[in-house]
Amino acid sequence: MNARYPFTAVVGMDDLRLALLLNAVSPAVGGVLVRGEKGTAKSTAVRALAELLPPVPIVAGCRFSCDPASPDPGCPDGPHDTAPAAERPARMVELPVGASEDRLVGALDFEKALAEGVKAFEPGLLAAAHRGILYVDEVNLLSDHLIDHLLDAAAMGSSHVEREGVSVRHAARFLLVGTMNPEEGELRPQLLDRFGLTVEVAASREPAQRVEVVRRRLAFEDDPAAFAARWADEESALRARIVAARERLPQVVLGDAALLQIAATCAAFEVDGMRADIVMARTATALAAWADRTEVDSQDVRQAALLALPHRRRRNPFDAPGLDEDKLDETLERFKGEEPQGDPDDEPEPDGPGDGGPDGGPGGGVPPQGEGPDAVPDAPADGAGPEAPGPGAPGAPGAPAADSPASAPEPAARDTGAGSDAGSGSGSGSGSGERAAVAAAEPFRTKVLSVPGLGEGAAGRRSRARTEQGRTTGSVRPRGALTKLHLTATVRAAAPHQRARGRSGPGLVLRRDDLRQATREGREGNLVLFAVDASGSMAARRRMSAVKGAVLSLLLDAYQRRDKVGLVTFRGRDAALALPPTSSVDAAAARLEQLPTGGRTPLSAGLLKAHDVLRIERLRDPSRRPLLVVVTDGRATGGGADPVALAARAARLHAAEGIASVVVDCETGPVRLGLARELARELGGTAVTLEELRADVIAGLVRDVQAARPARAGHSGQTAHTTRRAA
C-alpha cells in the first residue's frame with residue numbers, strides 16, 4: 001500500500017487542519033467545504049486525515065459496515081443477531097466528478113427483482129463511505145442531482161434507493177469533505193448551506209514557508225515510507241488527541257450565555273434558517289473538547305462563527321464569502337453574559353491543531369520550530385508558519401490573514417472582487433478615446449433564452465434535452481447496464497413469450513432482451529457566449545451602465561441555469577477573448593465590471609472571434625450546444641474598407657453552422673436605424689431591445705422568434721427561443 005503524506009507534515013493551512021480535526025472529533029458538525037486556488041494542498045490534507053481516524057468495528061461480512069454494538073435493524077444484509085465482530089481501518093472514499101447516480105447510491109438488479117422477487121442490491125459509494133470519509137474533489141463541477149443525493153444522505157444519515165417500486169434503505173453516516181476552485185464556478189447558496197464549515201485556503205506568500213513546503217514534498221516523493229516514518233510519532237500523538245477529544249465531547253457543557261451569543265451572532269449576520277445556529281453550537285462544543293475543556297466559552301463561539309458563517313452570508317452569486325470581524329466582536333461583547341473564563345480580552349493559551357497534544361507535546365500538527373524532523377529555520381513568527389497557534393489568537397486557525405475574505409468589509413451587492421487584471425482582455429489596446437469603466441445598473445429578471453431542438457448536453461435548466469433526470473418520453477433497448485427501467489415497456493416485451501418459455505408460476509420469465517431503458521427529457525445547460533460591443537458608440541455613461549446591467553442579468557440567469565459562459569469584447573481595431581468559456585459566472589462579472597469603452601466598432605472582428613471560440617469549444621465539448629448573445633447597437637465602423645459587408649459575412653458564418661443567436665439591441669433615442677435587427681437577420685437569430693429583455697415586460701407566454709421573423713431563403717440557422725418565465 002502506498003504511503004500517504006502525513007497530516008502533521010502539512011505546512012501552514014491552520015484553518016483547514018482545524019476544520020478537518022473538528023469534524024473528526026464530532027462528525028455531527030456537518031463536514032467541510034474547502035475553497036481555494038489550485039495547488040494549495042487541499043486534497044493532500046483531506047487524504048491524510050483518513051490515516052488519523054481510529055479503526056472502525058464492524059459486523060463481519062456486512063457490506064454496509066454495521067456497528068456490532070448497534071447494528072442497523074434495516075440493513076439489507078441483516079439481521080446481524082449472531083454475526084461475529086471484526087475491525088477495519090477508517091475509509092476515505094472518493095466520489096469522481098463523472099460518477100453516475102447508480103455508482104453513488106447503488107444499483108438494483110431489475111431482472112432478478114422482476115423474475116424472482118429478490119432485492120439484489122449492489123452497494124454504491126455512499127455505503128462504502130459509511131462511518132468514514134466521503135471526499136468530493138471539485139464538488140462545484142458535480143452534477144446537481146448527484147449533489148442532491150449526496151447532501152440528503154449526509155443530512156439524514158441514510159440513503160434511500162427507489163426504482164420502479166423496489167426500495168432499499170441503508171445507513172450512510174460519513175464525514176463529508178468537498179474541495180473546489182472558485183475560478184471554475186460556485187456552488188448554489190442552498191448547497192453551500194448544507195456544508196457545516198467552510199475554509200478559504202491560499203498559498204503562503206512567505207518565502208521561508210514556501211521553501212519548507214517544497215523541501216518536504218521532495219523528501220516525500222524521494223522515499224514516501226521513510227518520510228512517513230519520520231512523522232510517525234506526531235501522527236500517533238495527534239491520533240490519540242482525537243480519540244481523547246471524542247471521549248470528552250459528551251461532557252462538554254454549552255451554557256446559556258454561549259448559546260445566546262450563538263443565536264445573537266446568527267441573527268446579527270442575517271443568515272437564513274436555523275442550520276447555522278445548530279452548526280455553530282456543535283462546532284463550539286467540538287472546539288472546547290479539542291482544547292481539553294468541558295465548557296464552551298466566547299472564544300469557542302467566535303472561532304465557530306469564523307468557520308460556520310462566511311459561506312452562509314452570500315445573497316447572490318456575485319457576493320464573495322466573508323465575515324465582518326469587527327461586527328462579530330461587537331455582537332459577542334454585547335451578548336457576552338457571564339463569561340466562564342473571566343475577561344474575554346485575555347488571550348487563551350495556544351491549543352490549536354499545531355500545538356500540544358494530550359501530553360503537552362507537539363503532537364497536534366506541525367511541530368514547533370526546531371523540534372520536528374523538518375523544522376523551518378528562521379521561519380516567520382506570524383502565525384503562518386508550521387507552528388499553529390490556538391483558536392482566537394492572531395494567526396490562529398480561523399483568524400484570517402489581513403488579505404483574506406473574512407477580514408475584509410462586507411462586499412456591496414455587485415462587488416465582484418475583480419483584481420487589477422480584470423479588464424486585461426477588454427479591448428484591442430488602441431485606446432483612442434478610451435473612457436473609464438462605469439458601474440453596471442441594477443440587474444433584473446430576464447426572459448428565458450433557449451436553444452431550439454433537443455440536445456444531449458450536461459444537465460442544466462435552459463434548453464430541452466435527453467437527460468438522466470426528467471419526464472419519461474419513451475423506451476429503448478439498453479446499450480450497457482440498465483439504469484432507468486421502463487417497467488411497462490419491459491412487461492410488454494416479455495408478455496408474448498411467457499407460454500413459449502414455460503412459465504408456470506406467478507413471476508415473469510424474463511430474458512435480457514426483454515429489458516427496456518426509459519428515455520427521459522429534461523433540461524440541459526448551454527454555453528452562453530457574450531460578444532459585447534465596447535466601442536465609442538456605446539460609451540455614453542447611462543447607456544453603458546444599462547448594457548452592463550443587462551449582461552449582468554443574463555450572467556445571473558446563466559448561473560441559475562447551470563450554463564458555461566464566455567466573454568468576447570470588441571472595440572478599436574480588433575476583438576479579444578476577455579474570458580474563455582468557464583463555469584464561473586463570477587469571473588465573467590468581474591471582467592464585465594472593469595470593461596472600458598472607446599474607439600471604433602470592429603463588429604466583424606467580434607463575430608469572427610466568437611466563431612473561433614465556439615469552434616474550439618465544439619471540439620472540447622461537442623454535446624454542449626452554444627447560444628451566442630451579441631450586445632451591440634449594430635453599427636460597424638472598423639475592420640476594413642467595407643465594415644458593414646464584413647460584419648454581414650461574419651454573421652452568415654454563424655448562421656451556416658446553425659448556431660442559435662440573440663442580438664441585444666442597445667440603440668436608444670427617438671430615431672433608430674435598426675442595424676441590430678438587420679444583424680440578427682444575418683445571424684439567423686432574433687433581436688430584443690434592452691426593454692424587451694426584462695421578464696416582466698413581455699405579456700405573451702411563449703413565442704417562437706424564428707416564426708416571428710421573415711424566413712431567409714436558403715437559411716439553415718437555429719434561432720433562440722424566448723419565454724416569459726422568470727430567471
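Which residues line the largest cavity?

## The cavity

Leu449, Arg462, Val528, Phe530, Leu554, Asp557 and Val629 line the largest cavity. Two elements, β16 (527–533) and α16 (541–560), each give two or more residues to this lining. By type, the lining holds five nonpolar residues, no polar ones and two charged ones. Here Ala, Val, Leu, Ile, Met, Phe, Trp, Tyr, Cys and Pro count as nonpolar, Asp, Glu, Lys and Arg as charged, and the others, Gly among them, as polar.

The volume of the largest cavity is about 30 Å³. A cavity is a set of points, on a 1 Å grid over the protein atoms alone, where a 1.4 Å probe fits but cannot get out; lining residues have an atom within 4 Å of a point. Grid points are joined across faces, edges and corners, and the volume is the space filled by probe spheres set on them.

## About the model

This is a predicted model, in which local features need pLDDT of at least 70 and side-chain atom pairs count only at pLDDT 80 or more, while totals for chains, interfaces and linings use all residues. Residues are numbered from 1 along each chain as its sequence is written, and side-chain values use heavy atoms, leaving out hydrogens and water.

## The sheet

Five strands form an open sheet with parallel pairing, in the order β4-β7-β10-β1-β11. Strands (E, at least two residues) and helices (H or I, at least four) are DSSP runs numbered from the N terminus, and two strands pair if DSSP finds at least two bridges between them. Strand β1 (residues 32–36) runs parallel to β10 (residues 175–180), joined by four bridges; Val34 has Thr179 as its bridge partner in β10.

Technical notes. On a 1 Å grid over the protein atoms alone, a cavity is a set of points where a 1.4 Å probe fits but cannot get out, and a pocket is an open set with protein on both sides within 12 Å along at least five of seven lines; lining residues have an atom within 4 Å of a point.
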